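Please open the model in the viewer and keep the selection panel at hand. The tour begins at the boundary between two chains and then turns to one of them.

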Amino acid sequence: MNVIYPLAVPKGRRLCCEVCEAPAERVCAACTVTYYCGVVHQKADWDSIHEKICQLLIPLRTSMPFYNSEEERQHGLQQLQQRQKYLIEFCYTVAQKYLFEGKHEDAVPAALHSLRFRVNLYGLSSVELVPAYLLLAEASLGLGRIVQAEEYLFQAQWTVLKSTDCSNATHSLLHRNLGLLYIAKKNYEEARYHLANDIYFASCAFGTEDIRTSGGYFHLANIFYDLKKLDLADTLYTKVSEIWHAYLNNHYQVLSQAHTQQVDLLGKLFENDTGLDEAQEAEAIRILTSILNIRESTSDKAPQKTIFVLKILVMLYYLMMNSSKAQEYGMRALSLAKEQQLDVHEQSAIQELLSLISTEDRRIT
Amino acid sequence: MTTLPPLPMTRPKLTALARQKLPCSSRKIPRSQLIKEKDDIDHYLEVNFKGLSKEEVAAYRNSYKKNICVDMLRDGYHKSFTELFALMEQWDALREAARVRSLFWLQKPLEEQPDKLDYFYHYLTRAEDAERKKSFEDVYNNLYALACYFNNPEDKWVRNHFYERCFKIAQLIKIDGGKKEAEAHMHMGLLYEEDGQLLEAAEHYEAFHQLTQGRIWKDETGRSLNLLACESLLRTYRLLSDKMLQNKEYKQAIKILIKASEIAKEGSDKKMEGEASYYLGLAHLAAEEYETALTVLDTYCKISTELDDDLSLGRAYEAIAKVLQSQGNTTEAIKYLKKFVKIARNNFQSLDFVRASTMLGDIYNEKGHYNKASQRFQQAFDTTVELMSMPLMDETKVHYGIAKAHQMMLTVNNYIESADLTSLNYLLSWKESRGDIEPDPVTEEFRGSTVETVSQNSEHLEELSRYDKSSKKFLLSTHFVQYTKYNLILQTQKEKFHPALDNLNTETLL
């Protein structure tokens, strides 16, 4: 049933592959509106996104039913648009999630869908396409297809360049991806330029001390680390960890205050919350663990900094309700503090954190 | 028909590359090579067409502010960037606030002042470099340079920001024995002083003074820092004590001023010491501790004579005279005031001269030496005329008028008390001529200042009542008792002698 018979297909329908746009040979049996060039692409699409949106595609790809009045027609059109918008967002978040989980392969079809719907809805030269391009570029970078990533990025850059009203946040994202591209191409000069732009735009959009700005600092620090400018990288890493510390400590303080104010009110558990979405949490973990690795490699020089990062990680995992990880990092911090014989104040602060985590853990289990 | 052979053409490298890439070219080029060639073309463009380089395009397209920020960041100067960014945001916020309050804010936005941005870039990045190398002295120097650059009225808050940063950095500098820290304290003191927070300013100046004690540090203009510290500290103490005196907290004020004079003594600058004791004397005077005031002022006197400083000597005499006057020791006071008058005259200090003469006149007036009083007042008045200052002239005029009235009162009293025909005639003729002419007060006073005829005096009385109208009631009210006495005598004569005086009385009563 999966094989198509071209003559049986409704008139005017494009028979090209959903993934690569080549002439199609197969059709999805569930929705009968999606075509593929072969089994490989069909499987890839199914695993990535098609399983989730299969039925939603039907109204978009079949011709509109006949409406009797102009009013109904308008209503129908509006509904169609709304469906498309929903699909755009849905595909975008799915793709993003795959990217943060490191499943670049799976992210591509989802991102492609998002891009395609965007083109349908907004036209080819709209700024709305940029996020989708950036997703695709990131996925391609992850897959090591630098050329493809470059193509997508230049497309995005061109779109941004032509549009007059593009938010600072989008600019920042674009430059960050360009920076990553040039890092991958080992062109550190360009990469630094783009990352600097990224930080500038992010600062304009969110402020210099925002966690969304920290990504730019982090990548810039990596470049300097690779260039063996260690003191520079060090100050930048410190900056990133300070940003995260400020953010997480703030949340942590609020939470612990709530704990102390109403102890055991009906034994109710407090919802730990980082205030971050999944993507940001994944980013936080990635950034902080890599900083930790770097710090640990030079741990004998500045154990204070390692402990600082460890503490941030403890707080992060604690707020993410991952108490086993939190405990692990906490123990590491404590042992390091004891080993290096740091001041008592530091040790007691870590102890306190650990005890809080363990009580929380017991209450849950 | 023969086709012409193709023209031999030398193509530049770029076109050659582009030609090869064209779809019509026979050669098949693999994709990877195409990309490599694209990079080549980019590079070629960058090298050979200067105006087309990507960076230059970016520099042209973007605002100068952004270019500066990006330049900072790509070299890793993130702290400078953060600082500059925060400053620019504050700048905008201030502008916005000024706009909301509908004040006319003359400052252009920072983006439109590239030279200022250049300064920021230059010094901030250097400071950060130095900070990374842990050479805090360089950090301080760079930040201080920025503070100096913004040392103008409209950018004061920027300067203050950098003073504060300097202060923080200076505390980390240990090798120079605290010179930078002292300087930073000085700047912070200045900052608070300008802000009107005298207590904080005094604190910083005290620290500054302590740090510079016994050191021979000099600032850029060659002045000794210790002396500078003493000066600033004294100034702040004086302002503080002024405020306290206004609130009648005499004890506090005196305590602070004693501290000030001790510091001045340590500073071994005679002039400053003198100043300190002068203000201490004034404070004692305000607190009504006359004896101590006198001893303190005496030292000031001595110091001034030592320094051969006439002006401060004059001030000393004046202050001493005031103290003596408050004590009731008028003869001594007169002695000092005469000295003061002399000094003021010799140094052409007209204002001082007026003040001294007025004070002298007042004392004479109180003592009943009306002739002398009016003489002094006249001198004062003449000087004010020279000075052409209207408010002062009015004031001395009133003083003069009062003295004249006093002077005249005696004569009138004599006439009335003698109660014979000739005196009555005198009185009558005075009364008649009184209202006739309205003489110009200035010329009249010039002419008739020493003449003691009754008719002349009447004019002065009229004048007096006129000035009384012009809000000088308080002066007259002190002499009210005498006037009422005078008026009563007139009433017993059953003659309404003196409408002017009547006028005056009702007005003073009102």
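Begin by selecting the interface of chain A and chain B, where two salt bridges are found; a salt bridge is a side-chain nitrogen of Lys or Arg within 4 Å of a carboxyl oxygen of Asp or Glu. The model is predicted, so local features need pLDDT of at least 70 and side-chain atom pairs count only at pLDDT 80 or more, while totals for chains, interfaces and linings use all residues. Residues are numbered from 1 along each chain as its sequence is written, chains are lettered from A and ligands numbered from 1 in the order in which they are written, and side-chain values use heavy atoms, with hydrogens and water left out.

Next, select Arg192(A) and Asp75(B): they form a salt bridge whose closest N and O atoms lie 3.2 Å apart.

Now colour α6 (146-162), α8 (188-206), α9 (211-226) and α10 (230-261) of chain A, each of which supplies at least two residues to the side that touches chain B. Helices are DSSP runs of H or I with at least four residues, numbered from the N terminus. The most comes from α8(A), with ten residues.

Then show the whole contact (heavy atoms within 4.5 Å), which takes 26 residues from chain A and 20 residues from chain B. Together the two chains bury about 2100 Å², of which 61% is on carbon and sulfur atoms; buried area is the accessible area (1.4 Å probe) that two parts lose on being put together, summed over both.
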